[in-house]
Each structure stands twice: as structure tokens, then as C-alpha cells.
Amino acid sequence: MSTEHKITTQQVNFKVFRFNADEDYLPYYEDYNMEVTSEEVVLDILNRIKWDHDGSFSYRRSCRHGICGACAIKVNGRSTLACKESMNDMVDLFGSELVIEPLSKKRAIKDMIIDKADFWEKHAAVTPYLVADIDETPESENLVSPEDADKLDEADLCIQCGACHYACPVVAINEDFFGPAAFAAAYRFDADVRDSADSRLKDVNEEKQGVWDCVKCFECAEACPKDINPIAKITKLHQMAFQEGIAKNNVAVRHAVGFKNSIVKNGVLDEGGLVLYSEGPSIVKHIPVALRMFSKGKIVPPWGITKSDNLDEIKKLVKSSSTAKF
Amino acid sequence: MKKLKYALFTGCTAKQSTPEQMMSTMAVAEKLGIELVELTEASCCGASHLQDYDEFLSLVLNARNIAYAEKQGLTMVTICNTCQLNTAMTKHKLDNDEALKAKVNEKLAEVGLEYKGTSAITHFLYAIIDDFGLDKIKEMVVTPLSQFNIAPFYGCHNIRPSELQNETHNSKENPYNPTSLDDLIIACGGKNVDYEEKNKCCGFHVELQAPHTAAVLTGNAIAGAMDGNADMMVTPCPLCHLKLDTQTAHASEAIGRDVELPVLHMQQMVGLALGCTPAELGLNHHLAKVDFV
Ligand code: SF4
Ligand code: SF4
Ligand code: FES
């Protein structure tokens, strides 16, 4: 269609986060009203602010090809690679009022530039490299089959832009949490047939820092400009912990396993039973809320649970289709 | 209009800790003339945790649930965001991977079932909007909620990952600025509150293993709605509801501020606007005060 190549223009009002940690006590927002063409990407706008309006405006960029990961920022709360994101799409999504902010306002140094040290520390903590005994005088190539390469599930395409990390609500609350990008990196190397590290999977299974504190919000999957889908890698890391037999006997692990126990008994979940199995004696801390819930008819005792019809089918399937052990 | 008919996958919560959600779903369906056939054979969907342990088992169980909807030739309607995500994700995987589908069907054959991929799966919220229509709801409102500021709380598993979610319904939702629930509030005559946390996480899935994280997320959500001057919150997800309604003490403690608002299930809000009584909607099953009726 001929319309596909027509360049259109429109007025957009940009509210741009401004802050200089050396001079400003608090950040502020500056408005720039600009005519934007459908051909432009977000980085073009950052350039125009700097070149046409205020030379002190600061941001990171290098490759302009979605490869270096330097230019990630937020537009209306959505993490994005400035050099890859079309202005047209942004206006389609959010209209003609666009808020331009750094990935993390808390970590802002100057305008779009943030202190990414926490991101790199977490990345370094997951042994983000191959651990292998290298034969220094090999007689043939060390080949990886296409099937084995597929196991990485494209985790190796991560450009460490940090978009997912700073979109993750748990990163914002729990400073020990490694975060989605570090988990994607951990998966990338653990899934590599040449790798023989034994600490990595254990590290990402530790409480507080590890995968079990992920709240399953899918913010990381939504944010990633490279379609890495970090939460899918997190799910795989969970499964690997069981496969390798290193899943700890703790509340998080029992919580995952407990679903199966409940399903095989009732088909449906026994909510109270699951909490009891997961928490063990620590269940006492739930008693005050549980009593209030009970008084409002929100707790069904085990004997009051309506089991699934055709429960024998479910029992049979659980028996024949189980693939994991704990 | 032809009478709308769906296979209802209630999920476990509606039958246990949120009985009011089950009551209000049925009450609203009756008012709207929608027929819901309960899938009493269905098992738990695994609530996004079972697949961390055993992915294949989770696929088989979810495929079995869907197969029962297919047997009746009906679209499956869910009333829980996490049920919706798990079932839709299973469908997506099986519909796009013949080999996996064959493996799953090999197991289902043992119990005389087959997953075909013929039933759509949609959340009741989107069934109402897409199939019934907001305009028709608007016409049917007898008690407009016009005196209330209502804060929509969408819940992660209905809006992310958006690519998958938008496969399951016609009204395209922007996960960074969702509008479906806002539109429903407006159709019921209420005033929708815009606030930062409306598309954020409630923390439910780490309630046991990371109680502090979970409580901060819940606290921030209620606080955001309160700062937006909301009289109440509304959510399409019973798990979000459990967090927002029953965990206010922990949430308040975690964020150092007293937070509490009445929290309605999406169905309860629609039910009130359509003239259902508080008893029909199970408003007596809430922990947070519901003092506006
Ligand atoms: S899914 Fe997990 S890792 Fe990803 S953003 Fe949410 S909490 Fe963080
Ligand atoms: S996983 Fe995606 S969003 Fe996260 S750092 Fe890598 S490329 Fe960026
Ligand atoms: S400038 Fe390198 S990724 Fe954008």
C-alpha cells in the first residue's frame, strides 16, 4: 500500500525528567513541545533536545543499533531502548503527552544517566561466564550441536540494557534480589552443555537473592526489547533446581510442590492444607488473619472441600505424567 | 442477541477463600442473561507455581481442563487472572507445538480425553466487554455508582505478557495503560481513579516466601488508590482481592502507614450497579470494611 511509506508529522509534548546530582536537591520536569515525524525513534528526540534546546541534557547512547544496551530509558513508565523504539508506536500507545524518564529515578545521576552499579554487581554474582576445563591443545573443534544451542532459548541475546531489572518490582524492594537480567544470564550459562559450574544454580536458589523471591508479575517479559522473556528463564531455573536435586526444603519450594500433593488428593487446591504444608510450624504467624477469615466464611476445612468430578482421571494423570521429584 | 453461554472454570479460590466472588459471578450472569456451565471436573491450574516444579504435569492438567470445555463446544471463561494466564499459556504452547500437543494427548488418551485447541479462553471481564458490550451494561444500570471514585486494580496476570493476553480478547489492552476495567467502572456510572499502581503487582505469589516484599506491594497499591481519593478499589482477580482485602494489617506495617479501602470484585461492582443486593453479592464475606452500602 502506498500509505505505508508516507511520512507523517505531529505535535508531541515531552515532559522530560531533569536532575543533576551535583547541583539539584530534587529532580524536576521540563516541557518540550516538538513536531515529531513518524520516521523518528525515541533517541532522535533525545538528540534534538540536546542539540536544539539544551546542550547540558545528558543520556547514554553508543551503537544506535539496539546492540550496546546503553540507551535504555522509560517512556510513560515503559522501559524501552531509545534507539529502537519508534515514536509512532509510542504515540499510538500513549498519545501526544510523553513522559521521558531514566530507568530508575532513585539512581539518577544526571537526567537519563543512572548509576547502574547494582545491576552489574548482580550480574557478576551469577558467575556469568563458562566454567569449563579447556583442553589447551585440542585435536578437533569443540562443537555444540544445534539442538544443544537451542537450549539457551536465546538467553544469549541479552544486551544487559537493564530495562527488565529496573522494571522489576522486587528489585525495587529487596536489595538482595539478583533480578531478571542476572537470572537470564545464569540460565544462559547453566543451560550451556559445555558449562560445569556447580555454584551458579545454588546461588540463584538461595533465599532473598534467588529465583524463589520472584513475584511472577511478568514486568520483565514485557519490558525486554530483545524478547528474552526473563521470567521464562526463571521458571526453567526453578525446574533445574529439582532436576539437579538441589532444591532446598524451604517454604518456597514446598509451596510449589504442595500444589501437586493437593491436586492428587482433591483435584482442586486445599488452600489451608497448602499453607500448612508450605509453612510447617511457622503457620502460627497466619493465625490472626486466618481467624478473621474464618469468621467471615473464607476458610473451608479439609472435609468441606468440593473435590473435582472424575477425580480418578486426575489421580491417574498425576501418576503417569509426573516428571519431577522432590 | 443470541444467549451467551460459556464453560465456567471457577478456579479454587472462588470455592474457598472468596465465596463472595462465586456468588457475585452467578448473580451478575443471571442479571445479564449469560449462561455459565460450571466445569466441575476441572482441577487446580497450578496457580503459576506447579510449573516451577513439574511443567509437563502442569500442561497435562490444564489441557484436561480445557478439553472439558471443548467437549461442550464452549468458550472457557475464567474468573481468576492466574487461572486465565495458566490456561491461556497452556493453550498457546500446545497450539504452537504439534509435538508437545501429541505428547500431552498421549497422556490424556489414558483417560479418554483429547486436547484439540477448539475452545477459546477468556476472562469474564473481557467476555462482558467483548461479547456482551459496555453499552448494553450501561442501559441496564439501575443504581449508577455515580457518587463513588473507584480505583481499578488490574492484576498482572490479566495484562502481562501482553502479547499472549491480547490473543485472548478483542479489546486490545496496553499493559502500561490498561483501560478495560476503567471502562467498566464508567459503564456502571462510577468515576474511575487514575493512579500509578493500577497496573502493578499485588505481591500475592510471594506471600509465603517473601512476606515483606508481598506486603510492601499490597501497601503501595492501596496507598496509591487512597491518594487518588478512591472510595473503593475493584479488581477482576480473586488473588489480588485476597491481598488487598485480607492483608491490610501486614501491608500497613510494611509501608508505615495505615491503609485500607473497601475492595470489590469486578462482579460485585457490576452487580451493585445492576441492582443486586449486598447479600446476593456476598459483601458480608469481606475483611476490609465495606461501609458504603
Ligand atoms: S516476573 Fe519476577 S523477575 Fe520478572 S519483573 Fe516480575 S518479579 Fe521481577
Ligand atoms: S533480559 Fe532483555 S531487558 Fe533484561 S537486560 Fe537483557 S536485553 Fe535488557
Ligand atoms: S544506543 Fe546502543 S542499544 Fe541503543
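Me: In which loop is B:Pro161 found?
Reply: Helices and strands are read here as DSSP runs, numbered from the N terminus, where a helix (H or I) needs at least four residues and a strand (E) at least two. B:Pro161 is found in the loop of chain B between α8 (156-159) and α9 (162-165). This is a predicted model, in which local features need pLDDT of at least 70, side-chain atom pairs count only at pLDDT 80 or more, and totals for chains, interfaces and linings use all residues. Residues are numbered from 1 along each chain as its sequence is written, chains are lettered from A and ligands numbered from 1 in the order in which they are written, and side-chain values use heavy atoms, with hydrogens and water left out.

Me: Is the peptide bond from B:Arg160 to B:Pro161 cis or trans?
Reply: Most residues other than glycine have a negative phi, and most peptide bonds are trans. The bond that joins B:Arg160 to B:Pro161 is cis, with omega near -10 degrees.

Me: Which phi value does A:Arg64 have, and where in chain A is A:Arg64 found?
Reply: A:Arg64 is not a glycine, yet its phi is positive, at about 60 degrees, and its place is the loop between α1 (42-53) and β3 (72-75) of chain A. To read its surroundings we use relative accessible area: buried means under 20%, exposed over 50%, and partly exposed in between, with a 1.4 Å probe and protein chains only. A:Arg64 has 40% relative accessibility, so it counts as partly exposed. A:Phe218, again not a glycine, has a positive phi of about 65 degrees and lies in the loop between α7 and α8 of chain A, but A:Phe218 is buried, with a relative accessible area of 8%.

Me: How many aromatic pairs does the structure hold?
Reply: A pair of aromatic rings is described by the distance of the centres and the angle of the planes. Rings of Phe, Tyr and Trp (its six-membered ring) pair if their centres lie within 6.5 Å, and planes under 30 degrees apart count as stacked, over 60 as edge-to-face and the rest as tilted. Over all chains the structure holds ten such pairs. In one of them, the ring centres of A:Phe119 and A:Trp120 are 4.9 Å apart and the planes stand at 90 degrees, so this pair is edge-to-face. A:Phe119 is buried, with a relative accessible area of 2%, whereas A:Trp120, at 41% relative accessibility, counts as partly exposed.

Me: Between which helices does the pair of A:Phe242 and B:Tyr53 cross?
Reply: The pair runs from A:Phe242 in helix α9 (residues 230-243) of chain A to B:Tyr53 in helix α2 (residues 50-53) of chain B. A:Phe242 and B:Tyr53 are edge-to-face, with 4.7 Å from centre to centre and 65 degrees between the planes, and both residues are buried. They also belong to a cluster, in which ring pairs link A:Trp212, A:Phe242, A:Phe326 and B:Tyr53.

Me: Over which ring does the charged end of A:Lys116 sit?
Reply: A charge sits over a ring if NZ of Lys or CZ of Arg is within 6 Å of the ring centre and within 35 degrees of the ring normal. The charged end of A:Lys116 sits over the ring of A:Phe119, 4.8 Å from its centre, and in chain B the charged end of B:Lys136 sits over the ring of B:Phe132, 4.4 Å from its centre.

Me: How many residues of α4(B) are buried?
Reply: Eleven of its 15 residues are buried, and the helix is thus mostly covered; B:Cys83, B:Leu85 and B:Leu94 are among them. Helix α4 (residues 81-95) of chain B reaches 21 Å from its first C-alpha to its last, close to the 21 Å expected at 1.5 Å a residue, where the expected span is 1.5 Å times one less than the number of residues. B:Cys80 lies in the loop between β3 (76-78) and α4 of chain B, and B:Cys80 is buried, with a relative accessible area of 4%.

Me: Which residues are closest to ligand 1?
Reply: A residue is near a molecule if one of its heavy atoms lies within 4 Å of it. Ligand 1 is surrounded by 13 residues, and the closest are A:Cys168, A:Cys214, A:Val215, A:Cys217 and A:Cys220. Ligand 2 is also surrounded by 13 residues, the closest being A:Cys158, A:Cys161, A:Gly162, A:Cys164 and A:Cys224.
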